[in-house]
Amino acid sequence: MRQDGFTLFEVVCVVAIISIIAAIILPGLPRGTSRARIEAYALEAATILKADRNAAIRRRTEVVTQIDARARSLHSGISGRSVRMPEDVLFEASLAARCNGRSVGTTINFFSSGMSCGGAIILTRQGIGYQIRVNWLTGGIEVAPFSSL
């Protein structure tokens, strides 16, 4: 009597071949920061900026958020929190050169009135990402999709 189907040996051989192919191919696939993860970094940066603005208003003093484009990071002037972007995410900052009569090229300053020096931070990977905008007049922070394509 003849039975149709595969033997255990045949199944094990097929699984072994698939495993070997996967072990060869998977390390070569590009791994990068996903759009969702870039959005999470943008929201984290916006949260730090909002916290610094709120602290400036609440404490009635100037609060300075440091932006370091070379280190790809943003550092809170009030809480000490930082966010550093991954290497595969393009980090660009467009900041005011002078604000309130002083040179401020690497910071976003928030004043007790709620106003700020303003600026924009752009996070992109392969031309798609997010822009964090700080309005100089209101100090409001906004995260918006950004495409450089």
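Glu62 counts as partly exposed because its relative accessibility is 30%, where partly exposed lies between buried, under 20% relative accessible area, and exposed, over 50% (1.4 Å probe, protein chains only). This is a predicted model, in which local features need pLDDT of at least 70 and side-chain atom pairs count only at pLDDT 80 or more, whereas totals for chains, interfaces and linings use all residues. Residues are numbered from 1 along each chain as its sequence is written, and side-chain values use heavy atoms, with hydrogens and water left out. Helices (H or I, at least four residues) and strands (E, at least two) are DSSP runs, numbered from the N terminus.

**Salt bridges**

- The structure holds four salt bridges, a salt bridge being a side-chain nitrogen of Lys or Arg within 4 Å of a carboxyl oxygen of Asp or Glu.
- Glu62 is the salt-bridge partner of Arg102, with 2.6 Å between the closest N and O atoms.
- Because Arg102 lies in strand E6 (residues 102-103) and Glu62 in the loop between H2 and E1, the pair ties together parts that are 40 residues apart in sequence.
- Arg102 counts as partly exposed, its relative accessibility being 37%.
- A salt bridge also joins the side chains of Arg125 and Asp88 (2.9 Å, N to O), and this pair links distant parts of the chain, since Arg125 belongs to strand E8 (residues 119-125) and Asp88 to the loop between E3 and strand E4 (90-95), 37 residues apart.
- Asp88 is partly exposed, at 31% relative accessibility.
- In the salt bridge between the side chains of Glu87 and Arg84, the N to O distance is 3.1 Å; Glu87 counts as exposed at 59% relative accessibility, while Arg84 is partly exposed with a relative accessible area of 48%.

**Sheet E3-E2-E1-E7**

- Four strands form an open sheet in the order E3-E2-E1-E7 with antiparallel pairing, where two strands pair if DSSP finds at least two bridges between them.
- Its edge strands, each pairing on one side only, are E3 and strand E7 (107-110), and the twist averages 10° from one strand to the next.
- Strand E1 (residues 63-68) pairs with E7 in the antiparallel sense over four bridges, and Gln66 has Thr107 in E7 as its bridge partner.
- Helix H2 (residues 35-59) lies across E1, E2, E3 and E7 and runs at about 155° to E3; axes are lines fitted to C-alpha atoms, for helices over the stretch in contact, and angles run from 0 to 180 degrees between N-to-C directions.

**Sheet E4-E8-E9-E10**

- A further open sheet has four strands in the order E4-E8-E9-E10, again with antiparallel pairing, and its edge strands are E4 and strand E10 (141-147), each of which pairs on one side only.
- Neighbouring strands of this sheet are turned against each other by 20° on average, direction ignored.
- E8 and strand E9 (residues 128-134) run antiparallel and are joined by seven bridges, with Ala120 standing opposite Arg133 in E9.
- H2 packs on this sheet as well, touching E8, E9 and E10, and its direction makes about 5° with that of E9.

- Arg81 sits in the loop between strand E2 (73-75) and strand E3 (82-84), and counts as partly exposed at 39% relative accessibility.
- Apart from neighbours within four places in sequence, Arg81 is in contact (heavy atoms within 4.5 Å) with Glu44, Thr47, Ile48, Leu74, His75 and Ser76.
- Thr47 and Arg81 are 34 residues apart along the chain, and their C-alpha atoms are separated by 10 Å.
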